[in-house]
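Trainee: I would like to learn how to read a fold and its loops. Please take me through one.

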Amino acid sequence: MRVRHLSAAIVVSGLFTAAFAQQEASVTLEAKKIVLTYAAPNSKTRAAASLHSDADLAFKGVAVPKGDYTIYILADGAQWQLTVNKATGAKAATYDPKLDLGKVAMTMGGTMGGTMGNPAAAADACKIALTKTATLAAKIEVTWNGALAAVPFHLDRGASDSEW
């Protein structure tokens, strides 16, 4: 298997192959850019993407300082989880739960008749979108294996954080 090497802080070595095009999703909150870079997963139960954030973020119960991370979508069972992990680059090729900053339950949106509303798309195709939901907030939406899951996040403002 030929491995596609991606730029800084990207998962490599077995997670992304040259057969799939690299995808990117991004959102800007208060002039701070958040970027997810991913390719089609080669597992039916785990997808991975690199996360770069120019700002501190807060997912429910998980504080993520600005920087580079790997997020894993753990889709084993009816309740998916998003995991933010400190491993980047080649180290992220193998998921190591000891490097997790934390896990967040994703809101399941039911099944899709394809991917991102496209019934002609393969049922197991993976698509990740970042959508701004408020001035300081956004959500990650994942369609994969015919299902839709989402998780909100916002800029982390520390003690003054009241968006949840």
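Mentor: Start with burial: buried means under 20% relative accessible area, exposed over 50%, and partly exposed in between (1.4 Å probe, protein chains only). Here, buried residues make up 46% of the 164 residues in the protein chain. This is a predicted model: local features need pLDDT of at least 70, side-chain atom pairs count only at pLDDT 80 or more, and totals for chains, interfaces and linings use all residues. Residues are numbered from 1 along each chain as its sequence is written, and side-chain values use heavy atoms, leaving out hydrogens and water.

Trainee: How many helices and strands are there in the protein chain?

Mentor: Helices (H or I, at least four residues) and strands (E, at least two) are DSSP runs, numbered from the N terminus. This chain has zero helices and 12 strands.

Trainee: Which residues have a positive phi?

Mentor: Most residues other than glycine have a negative phi. Glu-30 has a positive phi of about 50°. For Ala-31, phi is near 65°, also positive. Glu-30 sits in the loop between strand 1 (23–29) and strand 2, and Ala-31 lies in that loop too. Glu-30 is partly exposed at 44% relative accessibility; Ala-31 is exposed at 73%.

Trainee: What does Thr-45 touch?

Mentor: Contact means heavy atoms within 4.5 Å. Not counting residues up to four places away in sequence, Thr-45 touches Ile-73, Leu-74, Ala-75, Asp-76 and Trp-144. Thr-45 is in the loop between strand 2 (32–38) and strand 3 (46–53). Its relative accessible area is 35%, so Thr-45 counts as partly exposed.
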